[in-house]
Amino acid sequence: AASDVYKRQALILGLIVTKKFNFDEWEFNDRKYTFILVLISLVCSLFLILPHYSYPWPIHADEWWQAGIAKNLKENLSINSHPYFFNYFFNLKPALGVITGIVEKFKIDILENWYIFVFLNNFFIFFIISTLIRNYVGNFSLLLPVILTSLKSNAYFLGWWFFIPSTFGLIYFWPSILINDDNFKNTKILKIIFLITLTLIYPPYAFLILFIFLIDYLIKSFFQRKFLFLIFFLFLIILFLVFSSYSPYQAYFEKKNIFGAILVPVKATTHFVELVNIFDVVPVIIFLLGAVAFFINFPNYLKILFVFSVINLNIILLTKHSLFLFHQRHYQLLGILLSLGSLWVFNHFKYLIHNKLIKILLMIVILILAFVNYDKIPYGTNIYYLIDENNLPVLNWLKMQNSKKIVLAHPALGTVISPYSRLISPISLLSLQIINKNFNEELNFENLSCEEKRKVIERHGINLVIVLSKQNCQFLREVQNINGYLIYEFNDSTIKSAN
């Protein structure tokens, strides 16, 4: 309820903004700063698992996919085992599955504890970015977790509510941008480690980081050594050509083309999320003022990323395509960038406003405004819970069946069947996203003729069918009726005897 949201935001603000929080005068030692940052990050991370308070399992279909990979590893299957078919597939994002799979090895059921991963992931993101940005905005970096928390999540924008490769990768993405030689030693080694790690977590982030590094080197070499500029430029072209051959984004185009390496059409996802639906609750003026910070105080990598994000935003609006990443991922990166810039504005209140009380009240108002309409999600993007009290007994019954059985069910239930019950589920919310495949018959199974149903069953090698209405085909034998879910077994012998 909206009232609960406002109570929780009041708790966050109460912990952060008090009369003692006079940032421009209070001298923090490292221990005090760390304690306060840990406290704020914990509170914000607890706030963000609100969707999990009565639902411990994964929420988004992408989360169920990763959970399925972890379950495969528990059963000593390869990291390249498909989470729904259990056959070989090339896993482009193995790291998250490996980590959750290791947890499974300790006999901890990740499905019933998925919210813990969401909580820990957000905590580390907030803590790490806030610590690194302190070099540029001072103690106002303590406000960053609150501002980041105000960025809304939903089923298509994703965001902080979910534990998926693109959110997990942020733990390594932002240090790659914020670490520089002035504050850390051996930064090149660190960045190489982060780049390799990102390649295993979420390759598009790694490619974007590499792109930013190369642009930075190109700019420096252009003004210093023209020969190096030529080498880096040629390397960038070669990298682009290689990536164009192996890019998964080619699948979203009817014909293979060179631009398919880096362009992702917005139609690649079910719902196009407009930028205004993500940032309409945030003090836009403060964010725009904060943009100035990227050309005054922030490191080169951050400046390049900011310029790239602004350019890409215009590309999305004009062409309905985005560079390197799905458009939702760009929105999140842009939201984080603008959040960093807004802290620069806070930090400069001391030069604009001299009255301490007014400064404190202004910050309180801005932080409250950041959460206005937080619980209002754009139409069609509400989160969905795939497990409920009605289908949970069905899943538990399936869990006791032979693991080699293949189950046909509604895509929503089919998304859960394989990770939860360890049976093969050929139709899921994710399989519907396969390009150039038509699943109309599978989706309309209950209304098909018996002959058409048999063809669908044989096409996928189905053993069990789960429907909500009674089926009157000779080859389907009802074996269970659980909370209105009718479970039928395919009886091939009936067909043979009839012939």
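**Figure 1. Packing of helix α14 against helix α15 in the predicted model****.** Helix α14 (residues 300-319) and helix α15 (residues 327-347) have axes that come within 10 Å and cross at roughly 135 degrees. This angle makes α14 oblique to α15. The crossing in which α14 passes α15 is left-handed. From α14, the contact is formed by Leu-302, Leu-305, Phe-306, Phe-308, Ser-309, Asn-312, Leu-313 and Ile-316. From α15, the contributing residues are His-327, His-330, Tyr-331, Leu-334, Leu-337, Leu-338 and Leu-340. Sorted by class, the contact of α14 with α15 holds eleven nonpolar, four polar and no charged residues.

**Figure 2. Packing of helix α8 against helix α9****.** The axes of helix α8 (residues 170-178) and helix α9 (residues 187-201) lie 9 Å apart, and the two helices pack at an angle of about 150 degrees. Angles over 145 degrees count as roughly antiparallel, and α8 and α9 are therefore roughly antiparallel to each other. In this pair, α8 passes α9 in a left-handed crossing. Tyr-172, Phe-173, Pro-175 and Ser-176 represent α8 in the contact, while α9 supplies Lys-191, Phe-194, Thr-197, Leu-198 and Ile-201. Six nonpolar residues, two polar residues and one charged residue make up the contact of α8 with α9.

**Figure 3. Packing of helix α18 against helix α19****.** The axes of helix α18 (residues 392-399) and α19 cross at roughly 45 degrees and come within 9 Å. By this angle, α18 is oblique to α19. The crossing of α18 and α19 is right-handed. Leu-392, Leu-395, Asn-396, Leu-398 and Lys-399 of α18 meet Leu-413, Val-416, Ile-417, Tyr-420 and Ser-421 of α19. The contact of α18 with α19 comprises seven nonpolar, two polar and one charged residue.

**Figure 4. The buried face of helix α18 and its cover****.** Val-394, Leu-395, Trp-397 and Leu-398 are buried in α18. The buried residues of α18 fall within an arc of 160 degrees when seen down the helix axis, so they line one face of the helix. An α-helix has 3.6 residues a turn, so residues three or four places apart point the same way. The elements covering the buried residues of α18 include α19 and the strands β3 (407-408), β4 (464-467), β5 (476-482) and β6 (485-490).

**Figure 5. Buried residues of helix α21 and the glycine that follows the helix****.** In helix α21 (residues 450-460), the buried residues are Lys-453, Arg-454, Val-456 and Ile-457. These residues cover an arc of only 160 degrees around the axis, which puts them on the same side of α21. Gly-461 follows α21 and has a positive phi, near 70 degrees.

Figure 6. With a relative accessibility of 5%, Pro-426 counts as buried. Leaving aside residues up to four places away in sequence, Pro-426 touches Phe-85, Ile-406, Val-407, Ser-431, His-460 and Ile-462. Pro-426 and Leu-408 are 18 residues apart along the chain, and their C-alpha atoms are separated by 6.9 Å.

**Figure 7. Positive phi at Phe-86 and Arg-422****.** Most residues other than glycine have a negative phi. Phe-86 is not a glycine, although its phi is positive, at about 65 degrees. The position of Phe-86 is in the loop between α3 (61-74) and α4 (95-105). Phe-86 has a relative accessible area of 23% and is partly exposed. Arg-422, also a residue other than glycine, has a positive phi near 65 degrees. Arg-422 belongs to the loop between α19 and α20. At 10% relative accessibility, Arg-422 counts as buried, the limit for this class being under 20%.

**Figure 8. Overview of the chain****.** The secondary structure consists of 22 helices and six strands. The chain has 499 residues, of which 53% count as buried. Among contacts between residues at least 6 apart in sequence, 67% join residues at least 24 apart.

Conventions. Residues numbered from 1 in each chain as written. Predicted model: local features only at pLDDT ≥ 70, side-chain atom pairs only at ≥ 80, totals over all residues. Heavy atoms only, no water. Axes fitted to C-alpha atoms, helices over the stretch in contact; angles between N-to-C directions. Helix = DSSP H or I, 4+ residues; strand = E, 2+ residues; numbered from the N terminus. Parallel < 35°, antiparallel > 145°, perpendicular 65-115°, else oblique. Left-handed = near helix turned anticlockwise from the far one by under 90°. Contact = heavy atoms within 4.5 Å. Nonpolar A, V, L, I, M, F, W, Y, C, P; charged D, E, K, R; others polar. Buried < 20%, exposed > 50% of the residue type's maximum accessible area, 1.4 Å probe, protein only. Arc of directions from axis to C-beta.
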